[in-house]
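Q: I have a model open and would like to learn how to read it. Please take me through its features one at a time.

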Amino acid sequence: MEAGGNSLPSGPDGSKRKVYYFYDPEVGNYYYGQGHPMKPHRIRMTHALLAHYGLLQHMHVVKPALARDRDLCRFHADDYVAFLRSITPETQQDQLRQLKRFNVGEDCPVFDGLYSFCQTYAGGSVGGAVKLNHGSDIAINWSGGLHHAKKCEASGFCYVNDIVLAILELLKMHERVLYVDIDIHHGDGVEEAFYTTDRVMTVSFHKFGDYFPGTGDVRDIGYGKGKYYSLNVPLDDGIDDESYQSLFKPIMGKVMEVFKPGAVVLQCGADSLSGDRLGCFNLSIKGHAECVKYMRSFNVPLLLLGGGGYTIRNVARCWCYETGVALGVEIEDKMPQHEYYEYFGPDYTLHVAPSNMENKNSRQLLDEIKIKLLDNLSKLQHAPSVQFQERPPDTEIPEKLVKPTINEKADEDQEDEDERWGRDSDMDVVDDCKPLSGRVKREYLEPKAMEDQKEVEYARETDTETKASYSGSMLIDEPQIKLEQDNINKSSDQPAEMNS
Ligand SMILES: [Zn+2]
């Protein structure tokens with residue numbers, strides 16, 4: 001592969017980084033329900049691999065503090081957070097209107113411990129952002145990356161948007177934050193939140209065309225001050241490592257050059273891997289991890305998050321390997337014996353060969369997309385700056401450092417096929433709130449009312465200059481950040497390290 005971005009002062013890419021890894025031993029116990037493709041157990045499988053490959057001892061292992069209501073309400077609506085806190089499988093039948101209103105029930109079911117699950121994965125991502133704000137190089141939260149969640153709506157297996165919350169934390173310290181999304185699905189929730197600001201650039205590489213969530217057209221580029229600060233890379237079935245990197249590296253290289261972010265958040269959704277139960281790309285684990293390696297090479301504080309990924313043995317393989325990349329450690333292909341070893345037969349190796357499926361992305365189409373996006377980037381004359389005020393205090397996340405644990409046995413969770421989620425889409429459920437690729441259309445037709453001053457009305461542009469009002473974006477520069485000051489006490493995120 002070609003050389004990455006900037007060399008490190010201390011030498012090439014293999015140099016050590018200070019890495020924080022957030023993991024809650026409980027996270028693998030949350031269960032979306034029978035047949036649901038989203039399986040938090042994959043996080044525990046990843047952790048077991050990390051333990052047995054000996055990677056935990058190379059990083060600070062931290063149990064995240066639970067995000068509190070007020071932490072979640074930095075992005076989400078108060079009534080939505082109150083709903084998530086109170087709803088239970090037993091009471092949901094009495095809340096049908098609320099369920100529909102918040103899009104909870106089908107793709108995003110109510111399950112035992114739903115709210116503490118949200119607090120756990122959001123706590124890891126915000127905690128990671130706090131670590132980066134305090135001088136760490138890389139923070140990892142494989143339980144995070146739930147990029148579809150909206151301000152007042154669950155979507156695509158996501159309830160709260162830990163990514164938006166983490167970026168808001170990073171914005172306390174950094175003038176500009178870059179978000180990169182390599183999940184096969186468009187990173188719509190994050191894009192929407194920052195659509196009108198130039199302080200966050202979002203870049204999403206995704207399958208586009210008759211595919212959930214339906215947004216992410218190459219022509220969606222941001223609006224107002226945020227114009228040209230949203231980038232969308234629409235791809236087709238079967239994309240392989242070489243095609244993917246022929247876009248990823250030139251585009252991200254240019255983004256780093258012109259945007260000059262103070263921190264990078266990389267959503268590493270593993271449903272873009274070959275053989276994913278819901279995905280249709282053909283990336284190898286090394287091809288996927290090349291994105292991590294490349295973003296790491298710029299030596300900018302980096303938050304690595306999980307996301308989609310529905311062939312769970314491959315998700316664990318991928319995120320284990322990418323943790324090694326973060327650490328600058330190359331791990332061997334032969335897998336160590338561990339409690340989930342039987343998932344990885346018959347080869348028991350870390351890497352799996354991509355398939356021989358057709359790559360529907362023609363060279364010509366890829367080149368056109370690349371030229372279009374590089375042209376958009378050339379319109380950013382210089383990196384914007386903000387008038388900086390006193391930095392708001394950190395979100396108080398008193399997490400614990402934990403000893404690596406390697407023996408949490410999972411309840412068996414076979415990857416049962418279920419017709420509700422076929423291989424081609426995770427949106428097969430007919431739901432009039434959320435038709436396949438219908439979100440954009442619905443927003444044109446039925447703009448939501450302004451709900452409070454945190455929202456800003458804006459229009460989405462297309463090349464035909466169609467405009468529609470749209471809500472859900474955030475005003476980053478002033479009110480959202482100032483809201484913090486009443487809420488949050490002085491920082492207490494003092495590390496209490498046990499292993500490093
Ligand atoms: Zn996805």
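The dialogue below covers confidence, a helix pair and an annotated site.

Q: What should I know before starting?
A: This is a predicted model, in which local features need pLDDT of at least 70, side-chain atom pairs count only at pLDDT 80 or more, and totals for chains, interfaces and linings use all residues. Residues are numbered from 1 along each chain as its sequence is written.

Q: What is the mean pLDDT of the chain?
A: pLDDT is the predictor's confidence in each residue, from 0 to 100. Here the chain has a mean of 82, with 74% of its residues at 70 or more. Elements are DSSP runs numbered from the N terminus: helices (H or I, at least four residues) and strands (E, at least two).

Q: How do the axes of helix α8 and helix α11 cross?
A: Axes are lines fitted to C-alpha atoms, for helices over the stretch in contact, and angles run from 0 to 180 degrees between N-to-C directions. The axes of α8 (residues 241–259) and α11 (residues 363–378) come within 10 Å and cross at roughly 5°. α8 is therefore roughly parallel to α11 (angles under 35 degrees count as such). Residues making the contact include Leu247 and Ile251 of α8, and Leu373 and Leu377 of α11. The contact residues divide into 10 nonpolar, two polar and two charged.

Q: Which residues does the UniProt annotation "binding site" cover?
A: UniProt annotations may be inferred rather than shown by experiment. The unreviewed entry gives Asp183, His185 and Asp271. These residues are spread over 89 residues of sequence but cluster in space, with a largest C-alpha distance of 8.2 Å.

Q: Is Asp183 buried or exposed?
A: A residue is buried if 20 or more other C-beta atoms lie within 10 Å of its own, and exposed if 12 or fewer. Asp183 is buried because it has 26 such atoms. His185 is also buried, with 30 C-beta neighbours inside 10 Å. Asp183 lies in the loop between β4 and α7 (188–193), and His185 is in the loop between β4 and α7. Not counting residues up to four places away in sequence, Asp183 touches residues including His206 and Asp271, while those touched by His185 include His206 and Phe212.

Terms used
Angles under 35 degrees count as roughly parallel, over 145 as roughly antiparallel, 65 to 115 as roughly perpendicular and the rest as oblique. Two residues are in contact if their C-beta atoms, placed from the backbone, lie within 7 Å. Ala, Val, Leu, Ile, Met, Phe, Trp, Tyr, Cys and Pro count as nonpolar, Asp, Glu, Lys and Arg as charged, and the others, Gly among them, as polar.
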